[in-house]
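Please read it alongside the sequence and the coordinates.

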Amino acid sequence: ALVPLWTEPAGRLPVALLQGNIPQDEKFQPGSGVPLALSWYRQQAGAALAHGDARLVVAPETAIPLLPQQLGPDWWRPLLQAVEQGQAALTLGLPLGSAESGYTNSALSWVPGAAEPLRYDKQHLVPFGEFIPTGFRWFTDLMQIPLGDFRRGAAVQPTLDWAGQRIAPNICYEDLFGEELARGFADPARAPTVLLNLSNIAWFGDTVAIAQHRQISRLRALELQRPMLRATNTGATVAIDHLGHVTHELPRLTRAVLDAEVEGRVGLTPYARWAGRFGLWPLALLCGAIVLLGWRRSGLARP
């Protein structure tokens, strides 16, 4: 079926998406997953920044499993120098904060010449995994979930403006909620041109969850007519075009870097236009009106 085009091209963006494939039962272990993550992601990100054609290099959700202050300046220096001396921006998923101020599930983005990184904090948090409902701390203690009580980010946060694009990050299952992504489209002049998902769904292993999340991202790309980039720990690491087609993809559960290119888009779909301003209320009212009309008609049809 033909899909009406509501958007127009806004330039191309070459990217490098990192997939570390670090098992969840090792991810936060000091003797296994932590040193592997710190070594592999720094090495691959540095190589892509220094020698690749990408204008954006992305590592997934909590790719760096430690707080920035837990890493010495010697760890950060090569990466930040590679950004400053290169032609690409770098986005890393990592936790931020402190015991005093609270923690966030975040992404930091550095661009050449910028004094400070752009920060994105996940705003749609998962109960038990990312925040603790009242009376259930015993559950997260039992599950040994590190940093299991995050603070929520703002509903609308600045885009990463780089390489002629406005790149809007989202983390993990935030792309399940189309009306929340659409909030960033309320001002057409500042609407994202590219969507960027950072995920770690290694919690679910090699299951249908990987394919399910891939399909969720395809739907968001189609309804907003924006390309969606996905950098994940175990899959699906993909580039999706503005019509929901997967154009580049890594095999799941492999450790590799995906070199891809997407075309940014400008313009608003009808969904982006009304969901960006009103959320799902128009749809909810329409569904309610249809149900009420059907109920009234069925009542009038009774003898």
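Is Glu263 buried, exposed or partly exposed? In this predicted model, Glu263 has a relative accessible area of 24%, and it therefore counts as partly exposed.

## Overall dimensions

The chain is built from seven helices and twelve strands, and its C-alpha trace spans about 80 × 50 × 35 Å along the principal axes.

Buried residues account for 49% of the 303 residues, while the accessible surface of the chain comes to about 14,600 Å², with 59% of it belonging to carbon and sulfur atoms. Among contacts with a separation of 6 or more, 69% are between residues 24 or more positions apart.

Strand S7, residues 165-171, is largely enclosed by the rest of the structure, because seven of its seven residues are buried. Gln165, Ile167, Pro169 and Ile171 point one way from S7, whereas Arg166, Ala168 and Asn170 point the other way, and the residues of both sets are buried.

S7 pairs with strand S6 (residues 160-162) in the antiparallel sense over three bridges, and in this pairing Asp161 stands opposite Arg166. The hairpin formed by S6 and S7 has two residues between the strands, and within it Ala163 takes a positive phi near 55 degrees. The pairing of S7 with strand S8 (residues 194-199) is parallel and comprises five bridges, with Ile167 standing opposite Val194 in S8.

## Nonpolar cores

The largest nonpolar core contains 30 residues, and those with the most contacts inside it are Tyr41, Leu49, Val57, Ile64, Leu90 and Leu92. At least two residues of this core come from each of strand S1 (8-19), helix H1, helix H2 (73-85), strand S3 (89-98) and strand S4 (102-110), and H1 gives the most, with eight residues.

Ile64 illustrates how residues of this region meet: leaving out residues up to four places away in sequence, Ile64 touches Leu38, Tyr41, Leu71, Trp75, Leu92, Gly93, Leu94 and Pro95. A second, separate core holds 24 residues, including Ile171, Ala209, Ala221 and Val238.

## Arg42 in helix H1

Arg42 belongs to helix H1, which covers residues 33-51, and with a relative accessible area of 29% this residue is partly exposed. When neighbours within four places in sequence are set aside, Arg42 is in contact with Ala37, Asp74, Trp75, Pro78 and Leu79. Arg42 and Ala63 are 21 residues apart in sequence, and their C-alpha atoms are 10.0 Å apart in space.

## Salt bridges

Side chains of opposite charge can pair when their charged atoms come close. The structure holds nine salt bridges, and one of them joins Arg12 to Glu263, with the closest N and O atoms 3.6 Å apart. Because Arg12 lies in strand S1 and Glu263 in strand S12 (residues 256-266), this pair ties together parts that are 251 residues apart in sequence. Arg12 counts as partly exposed at 46% relative accessibility, as does Glu263 with its relative accessible area of 24%.

A salt bridge also links Arg252 and Asp206, whose closest N and O atoms are 2.5 Å apart. Arg252 lies in the loop between strand S11 (246-249) and S12, and Asp206 lies in the loop between S8 and helix H5 (208-224), so the pair ties together parts that are 46 residues apart in sequence. Arg252 is partly exposed at 34% relative accessibility, whereas Asp206 is exposed, with a relative accessible area of 51%. The side chains of Glu249 and Arg214 likewise meet in a salt bridge, at 3.0 Å from N to O, and this pair links distant parts of the chain, with Glu249 in strand S11 and Arg214 in helix H5, 35 residues apart. Glu249 counts as partly exposed at 37% relative accessibility. Finally, salt bridges that share partners join Arg12, Glu261, Glu263 and Arg265 into one network.

Note on methods: Residues are numbered from 1 along each chain as its sequence is written. This is a predicted model: local features need pLDDT of at least 70, side-chain atom pairs count only at pLDDT 80 or more; totals for chains, interfaces and linings use all residues. Side-chain values use heavy atoms; hydrogens and water are left out. Helices (H or I, at least four residues) and strands (E, at least two) are DSSP runs, numbered from the N terminus. Buried means under 20% relative accessible area, exposed over 50%, partly exposed in between (1.4 Å probe, protein chains only). Contact means heavy atoms within 4.5 Å. Two strands pair if DSSP finds at least two bridges between them. A nonpolar core is a set of buried Ala, Val, Leu, Ile, Met, Phe, Trp, Tyr and Cys residues joined through side-chain atoms within 4.5 Å. Accessible areas come from the Shrake-Rupley method with a 1.4 Å probe; for residues, only the protein chains shown count as cover. A salt bridge is a side-chain nitrogen of Lys or Arg within 4 Å of a carboxyl oxygen of Asp or Glu.
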